[in-house]
Amino acid sequence: MTNPIIVGVTGASGSILASKTVDALLELNIPTVLVASNPARMVWQLEMSETFGESLERWADNSDFTHYAIGDLKAPIASGTFPARGMVIVPGSMATVSAIVNGISDNLIRRAADVCLKEKRPFVIVPRESPLNRIHLSNLAALDGFGTSIVTADPPYYLPVKTLEDSAAFTAQRVLLALNIIKELPEEFRYGEN
Ligand SMILES: Cc1cc2nc3c(=O)[nH]c(=O)nc-3n(C[C@H](O)[C@H](O)[C@H](O)COP(=O)(O)O)c2cc1C
């Protein structure tokens, strides 16, 4: 059995990106540990056709799925002794990007990210903000300097992808690639193969 991936969901727009990432991980039977911030739950309510609680209920049937509350700083993933394979924050708010760059581990997502970086484990963020100001850019550049993979959620304009759902599914596959879970994108998401 492979080690778990931690998925942190923060309060940026793009809840569907988180939903598709969890779906893609569970599809591959990857143990998945989910944590969402309170702003993330609020955005989920606005953007998704089901509440965050309903999504949790749907995933809870899967034995590979675990969820911790954002304030649960004693959860196993708050420690480097938890054998995480890596972590993704999707979507990533600029507030959380800034907190991580500055070592502020005041909730479970930020602490798990801090642990991931100190343990030199694969760490991926899907930032969501536009336009980006110099603070955002400098914080993202700092994260890159710490070895983070920054995967943007741009639609694949070069593919016959028509819906937001498909575009989010594409981004989820890019996340899996950045986490080294897959070695290449699925055929439907490869340029020139469809
Ligand atoms: C509907 C909505 C959309 C938001 N979209 C973004 C966004 O795309 N990017 C961002 O950085 N913050 C966005 N925010 C602001 C964050 O939710 C806010 O900064 C929050 O403090 C982030 O906290 P967190 O990182 O702990 O989730 C949005 C807020 C709301 C209510």
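Helices (H or I, at least four residues) and strands (E, at least two) are taken here as DSSP runs, numbered from the N terminus. The structure is a predicted model, in which local features need a pLDDT of at least 70 and side-chain atom pairs count only at pLDDT 80 or more, whereas totals for chains, interfaces and linings use all residues. Residues are numbered from 1 along each chain as its sequence is written, and side-chain values use heavy atoms, with hydrogens and water left out.

Thr32 lies in strand 2, which covers residues 32–36. A polar atom in the side chain of Thr32 is found 2.7 Å from the backbone oxygen of Ile30. Gln173, which belongs to helix 7, also counts as buried, because its relative accessibility is 15%. Between Gln173 and Phe189 there are 16 residues of separation in sequence and 8.4 Å in space, taken from C-alpha to C-alpha.

The ligand is surrounded by 16 residues, and the closest are Gly11, Ser37, Ser93, Thr96 and Arg128; a residue is near a molecule if one of its heavy atoms lies within 4 Å of it. Helix 2 (38–47) and helix 4 (94–101) each supply at least two residues of this shell, and helix 2 gives the most, with 4 residues. By residue class, the shell divides into 7 nonpolar, 6 polar and 3 charged residues, where Ala, Val, Leu, Ile, Met, Phe, Trp, Tyr, Cys and Pro count as nonpolar, Asp, Glu, Lys and Arg as charged, and the others, Gly among them, as polar.

At Arg128, a backbone N or O atom lies 2.6 Å from a nitrogen atom of the ligand. Of the 640 Å² of accessible area that the ligand has on its own, the protein covers 68%, the areas coming from the Shrake-Rupley method with a 1.4 Å probe.

Empty space was also examined. Rolling a probe the size of a water molecule over the atoms shows where empty space is left. On a 1 Å grid over the protein atoms alone, a cavity is a set of points where a 1.4 Å probe fits but cannot get out, and a pocket is an open set with protein on both sides within 12 Å along at least five of seven lines, lining residues having an atom within 4 Å of a point.

The largest pocket holds about 290 Å³ of space. Its lining consists of 18 residues, of which Ala153, Pro155, Leu164, Ser167 and Ala168 lie nearest its centre. Helix 1 (15–27) and helix 7 (164–178) are the elements that give two or more residues to this lining, and the largest share, 4 residues, comes from helix 7. The second largest pocket has a volume of about 170 Å³, and the residues that line it include Arg128 and Ala153.

The count of cavities of 30 Å³ or more comes to 1. About 40 Å³ of space lies in the largest cavity, whose lining includes Ile6, Phe82 and Arg121. Helix 5 (residues 108–118) gives the most to this lining, with 3 residues.

Notes
A polar contact is a pair of N or O atoms within 3.5 Å; within protein, one must be able to donate a hydrogen and the other to accept it, and residues adjacent in sequence count only if both atoms are side-chain atoms. Grid points are joined across faces, edges and corners, and a volume is the space filled by probe spheres set on the points. Buried means under 20% relative accessible area, exposed over 50%, partly exposed in between (1.4 Å probe, protein chains only).
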